[in-house]
Amino acid sequence: MAEGKIKRSDFEHIGNILQVLLKGLRHESFEDFKKINKFWPDIVGEMIAQNSKPIAFKEYTLLVYVSSSPWIQNLQFHKWLIIEKINEVLEKELVRDIKFKVGQF
């Protein structure tokens, strides 16, 4: 009967469990996304950086909010150059596509 008894030491604090889970979910791409945001003005230039902001990164695609539709069109022309510069900053090929969307930032 004592064999089936649960001891206090058998339990794990929920904070420890969540930390391990979140660390697994927030893999290196989260750190890479932070780096993209940090160097965004260097990557695209000050004028574009004032009118755009990376918002999310998922499965090799970067989502960037821009201030207006004309900026979307302008950035579409430079998309592949921006991707190339991002990957240079990251020192790996992580971004393969960029989606531009009008949004507030």
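User: Where does Ser52 lie?

Analyst: Ser52 lies in strand E1, which spans residues 52–58. Please note that this is a predicted model.

User: Is Ser52 buried or exposed?

Analyst: Ser52 counts as buried, because its relative accessibility is 2% and the cut-off for burial is under 20%.

User: And what does Ser52 touch, not counting residues up to four places away in sequence?

Analyst: With those residues set aside, Ser52 touches Trp40, Val64, Tyr65, Val66, Leu75 and Phe105.

User: Stepping back, what is the secondary structure of the protein chain?

Analyst: The protein chain has four helices and three strands. Along the sequence they follow the pattern α-α-α-β-β-α-β.

User: What pLDDT does the protein chain average?

Analyst: The average pLDDT is 88, and 84% of the residues score at least 70.

User: Which elements have the lowest and the highest mean pLDDT?

Analyst: Helix H1, residues 14–25, has the lowest mean pLDDT, at 66. Strand E3, residues 97–102, has the highest, at 98.

User: Now the core. Which residues of the largest nonpolar core touch the most other members?

Analyst: The largest nonpolar core has 22 residues, and those touching the most other members are Trp40, Leu62, Ile82, Ile86, Val95 and Ile98. Helix H2 (28–44), helix H3 (46–50), E2, H4 and E3 each supply at least two residues of this core. The largest share, seven residues, comes from H4. As general background, nonpolar side chains in soluble globular proteins tend to be buried together.

User: Take Ile98 from that list. What does Ile98 touch, again not counting residues up to four places away in sequence?

Analyst: Ile98 touches Leu62, Val64, Lys79, Ile82, Ile83 and Ile86. Of these contacts, Leu62, Ile82 and Ile86 were also named among the core residues that touch the most other members.

User: How many aromatic pairs does the count come to?

Analyst: The count comes to zero aromatic pairs.

User: Then what sits over the ring of Tyr60?

Analyst: The charged end of Arg96 sits over the ring of Tyr60, 3.8 Å from the ring centre. Tyr60 itself lies in the loop between E1 and E2. Tyr60 counts as partly exposed because its relative accessibility is 37%, and that class covers values between 20% and 50%.

User: What is the phi of Tyr60?

Analyst: Tyr60 has a positive phi of about 70°, although it is not a glycine. Glu59, also not a glycine, has a positive phi of about 45°. As a general rule, most residues other than glycine have a negative phi.

User: Where is the place of Glu59, then?

Analyst: Glu59 is in the loop between strand E1 and E2. With a relative accessibility of 65%, Glu59 counts as exposed.

User: Over to helix H4. Is Asn87 buried or exposed?

Analyst: Asn87, in helix H4, is buried, since its relative accessible area is 12%. Beyond its neighbours within four places in sequence, Asn87 is in contact with Lys92, Glu93, Leu94 and Val95. Val95 is one of the core residues that touch the most other members.

User: And His78, where does that lie?

Analyst: His78 lies in helix H4 too, and is partly exposed, with a relative accessible area of 36%. His78 and Val44 are 34 residues apart along the chain, and their C-alpha atoms are separated by 9.2 Å.

User: What about Ser68? Where is that found?

Analyst: Ser68 is found in the loop between strand E2 (61–66) and helix H4 (69–90). Ser68 counts as partly exposed, at 23% relative accessibility. Ser68 and Val102 are 34 residues apart in sequence and 5.5 Å apart in space, C-alpha to C-alpha.

User: For the whole protein chain, what share of the residues count as buried?

Analyst: Of the 105 residues, 30% count as buried. The protein chain exposes about 8,000 Å², and carbon and sulfur atoms supply 56% of that area.

User: Last one: among contacts between residues at least 6 apart in sequence, what share join residues at least 24 apart?

Analyst: In the protein chain, 56% of those contacts join residues at least 24 apart.

How values were computed:
Residues numbered from 1 in each chain as written. Predicted model: local features only at pLDDT ≥ 70, side-chain atom pairs only at ≥ 80, totals over all residues. Heavy atoms only, no water. pLDDT = per-residue confidence, 0-100. Buried < 20%, exposed > 50% of the residue type's maximum accessible area, 1.4 Å probe, protein only. Contact = heavy atoms within 4.5 Å. Core = buried A, V, L, I, M, F, W, Y, C linked by side-chain atoms within 4.5 Å. Phe/Tyr/Trp six-rings, centres within 6.5 Å; stacked < 30°, edge-to-face > 60°. Lys NZ or Arg CZ within 6 Å of the ring centre and 35° of its normal. Areas by Shrake-Rupley, 256 points an atom, 1.4 Å probe, with all protein chains shown as cover.
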